[in-house]
Amino acid sequence: MEKLEKILSPMANYLNNNKVIQAISKGIMSTMAALMVGAAGSILLNLPIDAYQSFITSCGLNNVFNTLVNVTTNMLALYTAFTIAYAYTAQTKHDPLVAGLLSLLGFFIVTPMVTTGEGYAAVTNLPLSWLGAKGIFVSMFVAIITSLIFIKLSDKGLIIKMPEGVPEFVSKSFTGIIPGLVVGAVFSTLSFLAAQTSYGDVHNVVYTLIGQPLNGIGNSVWTGCLIYTLSGLCWFLGIHGIAVVSAIMPIWMAADAANLAATSAGQVAPNIITYQWINAVSSPGGAGATIGLVICILLFAKSKRYKTFGKVATIPSIVNINEPVVFGMPCMLNTLLFVPFVFLPVVLILIAYFLTTAGILPVVSGIGAPSGTPLILSGFICGGWQMATFQICATIVSTLVYFPFFKILDKQACQEEQTEGNV
């Protein structure tokens, strides 16, 4: 265990303290409100009821719902360009709002515009294809580069500083002028250079050379199994496992956005492994899929220790918060629980993947339940009654797997309590 901790602890600390990874994860998570609006619009737009579809078409509501999707899901890269730069710069003493605005500037510069018509009838617009899920990798790149430019120039004093007495909001508006000029020059140069290649623009370069390979890696079930194995090992050693998941989270959330965009357009969702899917199938009750352990405590505990503990851990576990179980049971450094705690989520991922490829479980649309949604309801929101049923079955499996391990722990606790009572 000490050797394992020496390997995993530095890695988890690096991921947890890496400003780039944290900014990307926090920035993308910050777009959840916009994604939920888009998800609601997608549901209302695509309800498969003929009478309903005729009604919303006749009264024009379909255009309203389609707009909700277009300005949220189909423009997700715009939101992330701002929020990632904001999240990165917020880790410093500098103004994150200026960095976010400059990041949007950089993103617009590298996004190719499309002109239709000729002469006075010519119309120039930004294509939604690069503003949505396909543009997220460029938005990450632009946001981080912009933030670094802004921070470095500010640290070196290469900004316009207004005299004392000037209102703060006016002073801040001037701090972005020189960094803005540099950002404009950098991304204009990159756009010019990309235009000289066969790719044509920065988006095609990044998406083809970086985005697609990363999607291929991130959307592999074996990647999901590896990430959750490492996360489980971290939790077992007392290290917060979200540090590992956060490294791959941007790719999985981009896959969710691509699924949502596809289903909103009436197409088939292209990705099985997404953030919402893996959340729904891997960990009922939280890390280690410990909902079954909590059920064992509630139904079969004979020791006073676990009877009392079950009352505390039940409600948090139902909403996938299991720090009380991990650190209070504890599962951390509990060698008896090592195998189920670390590997049960991996088994559930493999089972769910097989069922999805077999057509028994649906490929999720990218719509996810808000954090804290109770088990089963979260599955229903994510993947309908099939996913809710899977979560019920996963809960039963978790209970059966944890039962023999818990019986040993409970027996040991009873013996300890009897010994203490006899002293």
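**Exercise 1.** How do the residues of the lining of the largest pocket divide into nonpolar, polar and charged?

*Solution.* The structure is a predicted model, in which local features need pLDDT of at least 70 and side-chain atom pairs count only at pLDDT 80 or more, while totals for chains, interfaces and linings use all residues. Residues are numbered from 1 along each chain as its sequence is written, and side-chain values use heavy atoms, with hydrogens and water left out.

Step one is the term itself: on a 1 Å grid over the protein atoms alone, a pocket is an open set of points where a 1.4 Å probe fits, with protein on both sides within 12 Å along at least five of seven lines, and lining residues have an atom within 4 Å of a point. Step two is the lining, which consists of 34 residues, with I242, Y275, N279, N320 and S371 lying nearest the centre of the pocket. Two or more of the lining residues come from each of α13 (221-236), α14 (242-264), α15 (275-282), α19 (338-357) and α20 (377-422). Step three is the division, which gives 16 nonpolar, 17 polar and 1 charged, where Gly is among the polar residues.

**Exercise 2.** Find which elements give two or more residues to the lining of the second largest pocket.

*Solution.* This pocket holds about 430 Å³ of space, and among its 17 lining residues I43, N46, T263, S365 and I367 lie nearest the centre. By class, the lining has 11 nonpolar, 6 polar and no charged residues.

**Exercise 3.** Explain why C382 is too far from the closest cysteine sulfur for a bond.

*Solution.* A disulfide is a pair of cysteine sulfur atoms within 2.5 Å. The closest cysteine sulfur to that of C382 belongs to C393 and is 16 Å away, so the two are too far apart for a bond. C414 is likewise in no disulfide, the nearest cysteine sulfur being that of C296, 14 Å away, and the count for the model comes to 0 disulfides.

**Exercise 4.** Identify the residue with which E416 forms a salt bridge, and locate both partners.

*Solution.* A salt bridge is a side-chain nitrogen of Lys or Arg within 4 Å of a carboxyl oxygen of Asp or Glu, and by this rule the count is 1. The partner of E416 is R305, with the closest N and O atoms 2.5 Å apart. Because E416 lies in helix α20 and R305 in helix α17 (residues 304-318), the pair ties together parts that are 111 residues apart in sequence.

Technical notes: Helices (H or I, at least four residues) and strands (E, at least two) are DSSP runs, numbered from the N terminus. Grid points are joined across faces, edges and corners, and a volume is the space filled by probe spheres set on the points.
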